[in-house]
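These are my notebook entries on one structure, written down in the order in which I looked things up.

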Amino acid sequence: MQDLAAATYLTLAITIVGGYLLGSIPFGLIATRLGGAGDIRQIGSGNIGATNVLRSGRKDLAAITLLGDAGKGVVAVLLARYLTHGNAAVIALAGGAAFLGHLFPVWLKFKGGKGVATFYGVLLSAAWPVGIAAGATWLAVAFLLRISSLAALVAAVLAAPFALAFDQPYPIMVLCLFMAVLIFIRHRENIARLLKGQEPKIGKKKVAEETPPVPRSETAEVTEEVTTKPSKDAP
């Protein structure tokens, strides 16, 4: 009995800690550095996700980041599925740990991404019908409204109802709710811009990125130069 309990605790530790460490791998940062695009934390929003990597102008690096961020969620869940022979509770714990790892990676002082790609990776491997439905929701909203963040938020909200509709185990529904709440928290700035009608559409940069403000000191210098410089026509 003690051996069985020890084996159970060891399995839980491997799946949860392993899931978190997998989720913590910053594929966006690794891809941009190895690809010669610099430190992604110094570009655009500073986020390590695929959307911000795309702002570097490198679609190939953005694709690598997307696949890596989704893939680490897949690996974490498949590992838990293999070690526990499909135990839904442990699968949900492993998927949630991978998701937390992406949001709060130990390697980057717990400053990670917004979790959308890892969210889909976890769903596809934990409950593929739910993952496909959530992915289709993202595609539909993104196609109709051309706003990536809104598409992700809608997909996150509908994940738990999808899990209920597809008769998924209770731990999977809890996992969906858990990830949805964190996605909303991580997207709070996007939500604020959405409410103000200022969220950029897919393919367009933020207004601040398109027309960076001129520092006040430079503006003052130009104004002073224009007002003090004597005119050629002056007597």
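**Entry 1: His102.** I looked up His102 and found it buried, because its relative accessible area is 3% and buried means under 20% relative accessible area, exposed over 50% and partly exposed in between, with a 1.4 Å probe and protein chains only. His102 lies in helix H5; helices (H or I, at least four residues) and strands (E, at least two) are DSSP runs, numbered from the N terminus. Leaving aside neighbours within four places in sequence, I listed the contacts of His102 as Gly23, Ser24, Ile48, Asp69, Lys72, Gly112, Gly113, Lys114, Gly115 and Thr118, where contact means heavy atoms within 4.5 Å.

**Entry 2: what I am reading.** I note that this is a predicted model, in which local features need pLDDT of at least 70 and side-chain atom pairs count only at pLDDT 80 or more, while totals for chains, interfaces and linings use all residues. Residues are numbered from 1 along each chain as its sequence is written, and side-chain values use heavy atoms, with hydrogens and water left out.

**Entry 3: Asp69.** Asp69 is found in helix H4. Apart from neighbours within four places in sequence, Asp69 is in contact with Ile25, Phe27, Ile48, Gly49, Ala50, His102, Ala117 and Thr118.

**Entry 4: the whole chain.** I then stepped back to the protein, whose secondary structure comes to 12 helices and 0 strands. Of its 235 residues, 39% are buried. Among contacts between residues at least 6 apart in sequence, I read that 63% join residues at least 24 apart.

**Entry 5: H2 against H4.** Two packed helices are described by the angle between their axes and the distance between the axes. For helix H2 (residues 27-34) and H4, I noted an angle of about 150 degrees with the axes 8 Å apart; the axes are lines fitted to C-alpha atoms, for helices over the stretch in contact, and angles run from 0 to 180 degrees between N-to-C directions. H2 and H4 are therefore roughly antiparallel to each other, given that angles over 145 degrees count as roughly antiparallel, under 35 as roughly parallel, 65 to 115 as roughly perpendicular and the rest as oblique. Phe27, Gly28, Ala31 and Thr32 in H2 meet Leu61, Ile64, Thr65, Gly68, Asp69 and Lys72 in H4, which brings Asp69 into the notes again.

**Entry 6: H5 against H9.** The axes of helix H5 (residues 88-103) and helix H9 (residues 170-186) come within 8 Å and cross at roughly 10 degrees, and H5 and H9 are therefore roughly parallel to each other. The contact involves, among others, Ala92, Gly95, Gly96 and Phe99 of H5 and Leu175, Phe178, Met179 and Leu182 of H9. By class I recorded 14 nonpolar, 2 polar and 1 charged residues there.

**Entry 7: the nonpolar cores.** The largest nonpolar core has 30 residues, and those with the most contacts inside it are Phe99, Phe119, Leu123, Cys176 and Met179; such a core is a set of buried Ala, Val, Leu, Ile, Met, Phe, Trp, Tyr and Cys residues joined through side-chain atoms within 4.5 Å. The elements giving two or more residues to this core are H4, H5, helix H6 (116-126), helix H7 (128-145), helix H8 (148-165) and H9, and the largest share, 8 residues, comes from H9. Not counting residues up to four places away in sequence, Cys176 touches Leu123, Val130, Ala159, Ala160 and Ala163. A second, separate core of 9 residues includes Leu29, Ile40, Ile43 and Leu61.

**Entry 8: two loop residues.** Phe110, in the loop between H5 and H6, has a positive phi of about 65 degrees although it is not a glycine, and at 48% relative accessibility Phe110 counts as partly exposed. Arg146, in the loop between H7 and H8, has phi near 60 degrees, again a positive value in a residue other than glycine, and Arg146 is partly exposed, with a relative accessible area of 38%.

How values were computed: Ala, Val, Leu, Ile, Met, Phe, Trp, Tyr, Cys and Pro count as nonpolar, Asp, Glu, Lys and Arg as charged, and the others, Gly among them, as polar.
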